[in-house]
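Please look through the chain below before reading on.

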Amino acid sequence: MDFLAHFVLAAGLAWASGIRLYAAVFAFGLLARFDYVNLPESLALLEHDYVLWASGVMLVGEFVADKVPWFDSMWDAVHSFIRIPGGIALAWGALGDYGPEAQLAAALIGGGIVTGTHLTKSATRAVINQSPEPFSNWTASFAEDGLVIFGLWLMVAHPIVFAVLLVAFVLLMIWLLPKLLRALRAVWTRIARREPRPALGVDPNAPSVR
């Protein structure tokens with residue numbers, strides 16, 4: 001792999017980590033195990049049995065958790081402390097053959113990509129969860145699964161095409177994320193201003209007794 005391919009790998013792993021960290025780790029570890037991809041030495045640990053088992057188990061757990069409305073948002077909140085460092089670490093490792101300077105650059109760029117992707121994913125799902133029916137949540141979750149699978153395949157098979165689409169995704173993310181955050185703020189404001197329901201059997205218009 002040349003430098004450009006390694007850099008696309010770094011950016012792609014950071015992007016995938018913001019949506020499905022465990023899927024990215026498991027998929028590339030398994031591909032490396034069966035010699036479908038050649039990972040840099042600094043990412044060789046992805047194909048270790050322990051890493052494959054851990055990421056595989058967590059992949060299944062995340063697949064289920066991400067299909068449960070509102071629980072998926074709690075899962076996303078907790079994973080703010082896992083996906084972002086994980087994406088940075090993978091981006092750092094992807095340029096391990098080019099020295100610490102290149103690794104630091106990859107970590108900085110990868111950090112921005114994984115943070116933006118994670119926030120966009122989390123905010124989108126939180127907005128979707130305002131809908132009382134679960135179908136929109138399930139649709140969004142399965143769409144994310146498919147997007148990550150397609151992205152990981154494209155990253156390996158057509159890295160230049162993936163790089164172009166990733167740039168387009170980042171531009172879309174920059175435009176969309178502020179709108180999502182404003183929508184969430186409006187929802188939180190509306191919930192905070194909602195008056196508590198009166199107790200059962202109590203007339204809310206009855207004068208209070210002091």
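On one side of helix α3, the residues Met 74 and Val 78 are exposed, while the buried residues of this helix, which spans residues 71-78, are Asp 72, Ser 73, Trp 75 and Asp 76. Seen down the axis of α3, these buried residues fall within an arc of 155°, so they line one face of the helix. The model is a predicted one, and the points below are grouped by topic.

**Asp 72, a residue of α3**
- Asp 72, which lies in helix α3, has a relative accessibility of 0% and therefore counts as buried, given that the cut-off for a buried residue is under 20%.
- If its neighbours within four places in sequence are left aside, Asp 72 is in contact with Ala 65, Asp 66, Arg 125, Asn 129 and Asn 137.

**The largest nonpolar core**
- In soluble globular proteins, nonpolar side chains tend to be buried together.
- In this model the largest nonpolar core has 36 residues, and those with the most contacts inside it are Leu 9, Phe 28, Leu 39 and Leu 43.
- At least two residues of this core are supplied by each of α1 (3-33), α4 (83-94), α5 (99-128), α6 (135-157) and α7 (159-193), and the largest share, 15 residues, comes from α1.
- When residues up to four places away in sequence are not counted, Leu 39 touches Leu 9, Phe 28, Ala 32 and Leu 46.

**The largest pocket**
- Rolling a probe the size of a water molecule over the atoms shows where empty space is left.
- The largest pocket holds about 280 Å³ of space, and 15 residues line this pocket, with Thr 120, Lys 121, Thr 124, Glu 144 and Leu 147 lying nearest its centre.
- Helices α5, α6 and α7 each supply at least two residues of the lining of the largest pocket, and the largest share of that lining, 6 residues, comes from α5.
- Sorted by type, the residues of the lining of the largest pocket comprise 9 nonpolar, 3 polar and 3 charged ones.

Methods
Residues are numbered from 1 along each chain as its sequence is written. This is a predicted model: local features need pLDDT of at least 70, side-chain atom pairs count only at pLDDT 80 or more; totals for chains, interfaces and linings use all residues. Side-chain values use heavy atoms; hydrogens and water are left out. A nonpolar core is a set of buried Ala, Val, Leu, Ile, Met, Phe, Trp, Tyr and Cys residues joined through side-chain atoms within 4.5 Å. Buried means under 20% relative accessible area, exposed over 50%, partly exposed in between (1.4 Å probe, protein chains only). Helices (H or I, at least four residues) and strands (E, at least two) are DSSP runs, numbered from the N terminus. Contact means heavy atoms within 4.5 Å. The arc is that of the directions from the helix axis to the C-beta atoms. On a 1 Å grid over the protein atoms alone, a cavity is a set of points where a 1.4 Å probe fits but cannot get out, and a pocket is an open set with protein on both sides within 12 Å along at least five of seven lines; lining residues have an atom within 4 Å of a point. Grid points are joined across faces, edges and corners, and a volume is the space filled by probe spheres set on the points. Ala, Val, Leu, Ile, Met, Phe, Trp, Tyr, Cys and Pro count as nonpolar, Asp, Glu, Lys and Arg as charged, and the others, Gly among them, as polar.
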